[in-house]
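Hello,

Here is the structure I promised to hand over. My notes on it follow below.

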Amino acid sequence: MKSSKSLMLIKEARRYAKNREQGKENLKVAIIGSFSIQYFTMVFRYLLFKENIIVDIYEGEYNSIAMDVLNKKSGLYLFKPDIVIVLPYFTDIKQFPDLLD
C-alpha cells in the first residue's frame with residue numbers, strides 16, 4: 001500500500017515538474033547527497049508547491065557532498081542557497097553522538 005502511494009506521488013510530481021512555470025522561484029534550496037536524490041528532489045519540490053512555496057533547487061551530483069562542500073568554486077557555492085539539505089548515506093557518518101548526551 002505504501003509503495004502504491006509513493007508511486008502515485010512520484011507520478012503526480014513528474015506531472016507537476018513538466019507543467020510548472022519557469023521564472024517564479026524565490027527560495028533557494030540546495031540538496032546534496034551520497035546517493036541518487038532525483039526522486040527526493042522532485043517530491044520535495046512538489047510538496048513545497050502544494051504549500052504555495054516556490055523554490056529554485058540546486059541538485060548536487062551523485063556522491064558529491066565532499067566535492068560540493070570543500071570546493072569554494074562548486075555549483076553549491078555559486079548557487080548561494082538559503083537552505084542546504086544534506087542527505088548522507090549512513091556509512092558516511094564516521095562518528096555518532098552519544099544518546100542522551
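Where is Asn63 found? Asn63 sits in the loop between S2 and H3. Helices (H or I, at least four residues) and strands (E, at least two) are DSSP runs, numbered from the N terminus. Before the rest, a word on the source. This is a predicted model, in which local features need pLDDT of at least 70 and side-chain atom pairs count only at pLDDT 80 or more, while totals for chains, interfaces and linings use all residues. Residues are numbered from 1 along each chain as its sequence is written, and side-chain values use heavy atoms, with hydrogens and water left out.

Phi of Asn63 is near 55°. That is a positive value in a residue other than glycine. Asn63 is partly exposed, with a relative accessible area of 47%. On the terms: buried means under 20% relative accessible area, exposed over 50%, and partly exposed in between (1.4 Å probe, protein chains only).

Ser64 lies in the loop between strand S2 (55-59) and helix H3 (65-70). Ser64 is buried, at a relative accessible area of 1%. The Ser64 side chain reaches the backbone oxygen of Glu61 at 2.7 Å.

**The overall layout**

The protein chain has 4 helices and 3 strands. From the N terminus on, the elements run α-β-α-β-α-α-β. Of the 101 residues, 27% count as buried. Take the contacts (heavy atoms within 4.5 Å) between residues at least 6 apart in sequence: 72% of them join residues at least 24 apart.

**The sheet**

What is the order of the strands in the open sheet? It is S2-S1-S3, with parallel pairing. Two strands pair if DSSP finds at least two bridges between them. S2 and strand S3 (83-87) are the edge strands, and each pairs on one side only. The twist averages 20° from one strand to the next. Angles here run from 0 to 180 degrees between N-to-C directions, and axes are lines fitted to C-alpha atoms, for helices over the stretch in contact.

Strand S1 (residues 27-33) pairs with S3 in the parallel sense over 5 bridges. Ala30 has Val84 as its bridge partner in S3. Helix H2 (residues 38-50) packs on the sheet and touches S1, S2 and S3. The direction of H2 makes about 170° with that of S2.

**Aromatic pairs**

The structure holds 2 aromatic pairs. Rings of Phe, Tyr and Trp (its six-membered ring) pair if their centres lie within 6.5 Å; planes under 30 degrees apart count as stacked, over 60 as edge-to-face and the rest as tilted.

Why does the pair of Phe40 and Phe44 count as stacked? The ring centres of Phe40 and Phe44 are 5.7 Å apart and the planes are at 10°, so the pair is stacked. Phe40 and Phe44 are 4 residues apart in helix H2, so about one helical turn separates them. Phe40 is partly exposed, with a relative accessible area of 36%.

Tyr58 and Phe79 form a tilted pair, 5.8 Å centre to centre with 35° between the planes. Tyr58 lies in strand S2 and Phe79 in helix H4 (residues 75-79), so the pair ties together parts that are 21 residues apart in sequence. Tyr58 and Phe79 are buried. The charged end of Lys28 sits over the ring of Phe79, 4.7 Å from its centre. The cut-offs: NZ of Lys or CZ of Arg within 6 Å of the ring centre and within 35 degrees of the ring normal.

- Arg45 lies in helix H2. Arg45 is buried, with a relative accessible area of 14%. A polar atom of the Arg45 side chain is 3.4 Å from the backbone oxygen of Val55.
- Ile53 is in the loop between H2 and S2. Ile53 is partly exposed, at 34% relative accessible area. Leaving aside neighbours within four places in sequence, Ile53 is in contact with Leu27 and Leu48.
- Lys80 lies in the loop between H4 and S3. Lys80 is exposed, with a relative accessible area of 63%. Phi of Lys80 is near 55°, a positive value in a residue other than glycine.

Best wishes

Definitions and conventions
A polar contact is a pair of N or O atoms within 3.5 Å; within protein, one must be able to donate a hydrogen and the other to accept it, and residues adjacent in sequence count only if both atoms are side-chain atoms.
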